[in-house]
Amino acid sequence: MKGAYRELEEALRENVGPVVVDRTQNPKFGDFSTNAPFKMARERRQPPPVIAQELTERLRPVLEGRFSVAAAGGYVNFRMEEEALAGWTNWAAGDPWPEVFPKSGPKVLVEFISANPTGPLNVANARAGAIGDSIVRILKFLGFRAEGEYYVNDAGRQIANLGLSVLHFMKPDTFPLPKDGYRGEYVKELAREFVPEATPLLAKGPEGITLREAEEFGRKVAHHILKLQKESLKRYGIEYARFVMESEIRGSDYPERVYSILKGAGLLYFADADGNEANVPLPETFGELYEGDRYRYEGYALLFRATRYGDDKDRVMVRSNGEPTYFFWDSAYHLHKLDRGYDYLIDIFGPDHHGYVPRMKAVMGAFMEATGTNAVYDVIIHGQVNLYEGGERVRMSKREGRIYTLDDLVADVGKDAVRFFMLLRAPQTELNFDLDLARKAVKENPVFYTQYAHARIMSLLDYAKANGVEGKPIKDLPGEERGVAALVQYFPYYLLKALPIRLREEVWRGLNLPYANVEGKMDFSPNLLVDYLIELAHTYHSFYQNNRIVGSDRQGERITLSRAVLYTVRYGLNLLGVSAPERMG
RNA sequence: GCCCCCGUAGCUCAACAGGAUAGAGCAGCGGAUUUCUAAUCCGCAGGUUGGGGGUUCGAGUCCCUCCGGGGGCGCCA
């Protein structure tokens, strides 16, 4: 058995084609509907109601016993037959969700957070983490081979900076704090911990230390910070398939490959200080840009013709002083990803990285064209997070040390509330996070409200067991029971809705059903799943309030119904990274 | 100046690929409790979807334009 939604999709796709199945807005139209007749009207030069009528007659025998089918204007509406719905509910009460979709879909890589290992994770990282991890979980659930990945910028000037900052707090009089140095309380703490590693450097004094030595020391510190970040992530319920170190990318042959691919495609050139293309021939390899540590093309920057791929200016890959840009190393990393054979590569960036997207898309476009690789690359920019407390915006200031970290947030309101709240709105929108509300165990708090539905059912099942009441197969669904049962069947529907259309169609394609080839943006909407869970919780609370379960003449059936809700809420919360507690408080 | 996101009920937000009467929650008002967890439920009220124009059988959704809020525009990361 596959559940009502999947059975309907399959029947429609096999008999009509890749049409859109919707939940009806108004229950009087049934449970599901399709507006396919409107879409087919133009091509077939027939009015939608005529097509709707025809489809209705075609589908009736196919869906016999499962759905009643009715044409209404240009729509075709489907209503789950009571006996069939009873069967699907019995099925849902058997904890079926993990098996609903086969696990052999497209390979997807989702990169998220990738914060610099120079300090604790912050509130924006919490948003990216909740979104990214949830997307990976939902994709896996729907059969995709999805992985989360974290890119660690453990190399370069900022890491040297970190090292020098730590040295400064060890010997403030001897070692000046570098410009753009790190100064939070945590840096002082690191200064206390890293004395043994720093001893040789401290002896050399600020003038005696090379940039490379500062960076090597900084990297040790960075890896320690990364360890702390990993612990934060663990407390936050996020698990990655892997962490990729920038230092390893730098030491691999990927920088050389980036150079050779882009040069081969005629997409690199030297520019003078004014940005004008210079008549200076490119060397054969990336390595030949240097002689030892010396840059051979002093005064000339190496540019990538990003404008050929839609960016509004060409982008610097190696500065005129010979130092490659962040963009260059990131390109190497992304080439590495591309080489690993994913079908979809998704990056989740914060709103401050907005301007960075066109150049990444440009270089990825260039890589794919030059190497003949065919993957979909897209970037999700999530909105910023505003914390509110006591009705006022919580102002943060790095300089004054008033920063609110992921750890603070989790310690304050709990992992579950943070993750739930972070997913409450569409990823690209701004999010107002009400700390007071998140802390409260009241129904206005949607996390609590939803978890309570789960705990309530657990408690009910205990009570039923103690009273010798067992679940019985459902045969009919009178009164409010139907509404509860119907909503359970929407679960896979909302999982699909959380995906961009393109990936939704991949699911059907993977099941060898007709599918639509859809281009377009990779907009994920885990917030729709969140809304659904709140609605399911509400519907159950209402049913529970109005209907006695144990002791009623339908006690066995109502236990079965409650169990169907239980597993659905549990899996739903699990996909959000939120726990499903057995009891509250 | 250019680019991106956002603008829907008093507040926070939905509206799934352009489809049916724009939906929730909170706040407000009125009700329900010898409970299988009232940590809950039921009801009422609340809208010119920022303004204007266009495309369409049909627009909150697409296009143009204006207004407002946020973000980005570096040989920083």
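**Note on a predicted model of chain A**

1. With a relative accessible area of 11%, Ile113 is buried. The terms run as follows: buried is under 20% relative accessible area, exposed is over 50%, and partly exposed is in between (1.4 Å probe, protein chains only). Accessible areas come from the Shrake-Rupley method with a 1.4 Å probe, and for residues only the protein chains shown count as cover. Ile113 sits in the loop between β5 and α5 (123-141). Its phi is positive, about 70°, although Ile113 is not a glycine. Most residues other than glycine have a negative phi.

2. **What you are looking at.** The model is predicted: local features need pLDDT of at least 70, side-chain atom pairs count only at pLDDT 80 or more, and totals for chains, interfaces and linings use all residues. Residues are numbered from 1 along each chain as its sequence is written, chains are lettered from A and ligands numbered from 1 in the order in which they are written, and side-chain values use heavy atoms, leaving out hydrogens and water.

3. **The whole chain.** Chain A holds 22 helices and 17 strands. These are DSSP runs numbered from the N terminus: helices are H or I with at least four residues, strands are E with at least two. The C-alpha trace of chain A spans about 85 × 60 × 40 Å along its principal axes. Of the 585 residues in chain A, 55% are buried.

4. Asp180 belongs to the loop between α6 (157-170) and α7 (185-193). Is Asp180 buried or exposed? Asp180 has a relative accessible area of 63%, so it is exposed.

5. **Salt bridges across the sequence.** How many salt bridges does the count come to? The count is 42 salt bridges. The rule asks for a side-chain nitrogen of Lys or Arg within 4 Å of a carboxyl oxygen of Asp or Glu. Take Arg13 and Glu505, which form one with their closest N and O atoms 2.9 Å apart. Arg13 is in helix α1 (residues 4-15) and Glu505 in helix α20 (residues 501-510), so this pair ties together parts 492 residues apart in sequence. Arg13 and Glu505 are both buried.

6. **One bridge inside a helix.** Glu54 and Arg58 form a salt bridge, with 2.8 Å between the closest N and O atoms. They are four residues apart in helix α3 (residues 48-63), so about one helical turn separates them. Glu54 is partly exposed at 30% relative accessible area. Arg58, at 34%, is partly exposed too.

7. **One bridge between helices.** Arg439 forms a salt bridge with Asp412; their closest N and O atoms are 2.6 Å apart. Arg439 is in helix α16 (residues 435-439) and Asp412 in helix α14 (residues 406-413), so the bridge ties together parts 27 residues apart in sequence. Arg439 is partly exposed at 35% relative accessibility. Asp412 is partly exposed at 26%.

8. **A network.** Salt bridges also link up. Glu147, Glu149, Arg242 and Arg340 are connected in a network of them.

9. **Aromatic pairs.** The whole structure contains 38 aromatic pairs. Rings of Phe, Tyr and Trp (its six-membered ring) pair if their centres lie within 6.5 Å; planes under 30 degrees apart are stacked, over 60 edge-to-face, and the rest tilted. Phe67 and Trp88 make a tilted pair, 5.3 Å centre to centre with 40° between the planes. Phe67 is in strand β3 (residues 67-72) and Trp88 in helix α4, so the pair ties together parts 21 residues apart in sequence. Phe67 and Trp88 are both buried.

10. Trp97 and Phe491 make an edge-to-face pair: 5.0 Å centre to centre, 65° between the planes. Which parts does this pair tie together? Trp97 is in the loop between α4 and β5 (107-111) and Phe491 in helix α19 (residues 491-497), so the parts are 394 residues apart in sequence. Trp97 and Phe491 are both buried.

11. **A negative patch.** On the surface, Glu64, Glu81, Glu82 and Glu83 gather in a patch of negative charge. Patch members have over 30% relative accessible area and no salt bridge; like charges are joined within 9 Å, nonpolar side chains (Val, Leu, Ile, Met, Phe, Trp, Tyr) within 5 Å. Lys and Arg count as positive, Asp and Glu as negative; His and the chain ends are not counted. A charge is placed at NZ of Lys, CZ of Arg, CG of Asp or CD of Glu. Glu83 lies in helix α4 (residues 82-92). At 67% relative accessibility, Glu83 is exposed.
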